[in-house]
Amino acid sequence: MQDKKDNLEERLVELNGQFDIEEPDIGHFNRFEAKLASQDVTKSKWNPNTWKWLAVAASIALVFSLSFNSFTVEPEGFELADVSPKMEETQSFFVLTIQSELEQINLKRNDDNKQVIDDALKQLDKLEKNYEELTVELKTSNKDKRIIYAMISNYQQRIEVLQFVLEQLDEIEQFKNTNNEETII
């Protein structure tokens, strides 16, 4: 407490003579009051329509904020990473592998293989929904090992689907190249 008082006193000594201690000219308050009175205070920038629009905008903002908050709820279940550090590594490995495979597939996407890729993505969506159910089961089962194995198996199935799609895409590309060579010859 003493330090603050000392600092304040030091600061006051430093600023000595720099304070604005002058008083306004005589009649300043009266002139200021006259200027305020001369302004048209009945004319307001806010008309009833402005208030309506403001109310509509506030309602929309409220709806958006409520809907955003409803989408950012806590996850319903446990992920593999919530089980142990080892499982966190496992989950990280699977997620990175799946992302890598998806990137490779997206690089090979064209009109010829669009249907194959779309079908695979539908299979992945089903597996993802199944995984989400497993996360809830894991939470309710107190981290049952059978559910952990099922979650790992789910990741493996997703990778297998993606690898199968990559093989199919390579076959489609190879078949296309072979047909192009035969038509050229």
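**Close-up views of a predicted model**

**View 1. A negative patch on the surface.** In this predicted model, a surface patch of negative charge brings together E76, E79, D82, E88, E89, E132, E133 and E137. Helices α4 (85-108) and α5 (114-140) each contribute at least two of the patch residues. Helix α5 gives the largest share, three residues. E133, a member of the patch, sits in helix α5.

**View 2. A tilted aromatic pair.** The structure contains three aromatic pairs. One of them joins Y131 and Y155. Their ring centres are 4.9 Å apart, and the planes make an angle of 50°. That geometry counts as tilted, because stacked pairs have planes under 30 degrees apart and edge-to-face pairs over 60. The pair connects distant parts of the chain. Y131 belongs to helix α5, Y155 to helix α6 (residues 145-184), and 24 residues separate them.

**View 3. Burial of the two tyrosines.** Y131 has 3% relative accessibility, so this residue counts as buried. Y155 also has a relative accessible area of 3% and is buried. Buried here means under 20% relative accessible area.

**View 4. The aromatic cluster.** F93, F94, Y131 and Y155 make up one aromatic cluster. Y131 lies in helix α5, the helix with the largest share of the negative patch.

Key:
Residues numbered from 1 in each chain as written. Predicted model: local features only at pLDDT ≥ 70, side-chain atom pairs only at ≥ 80, totals over all residues. Heavy atoms only, no water. Patch = residues over 30% accessible without salt bridge, like charges linked within 9 Å, V, L, I, M, F, W, Y side chains within 5 Å. Areas by Shrake-Rupley, 256 points an atom, 1.4 Å probe, with all protein chains shown as cover. Salt bridge = Lys/Arg side-chain N within 4 Å of Asp/Glu carboxyl O. Lys, Arg positive; Asp, Glu negative; His and termini not counted. Charge placed at Lys NZ, Arg CZ, Asp CG, Glu CD. Helix = DSSP H or I, 4+ residues; strand = E, 2+ residues; numbered from the N terminus. Phe/Tyr/Trp six-rings, centres within 6.5 Å; stacked < 30°, edge-to-face > 60°. Buried < 20%, exposed > 50% of the residue type's maximum accessible area, 1.4 Å probe, protein only.
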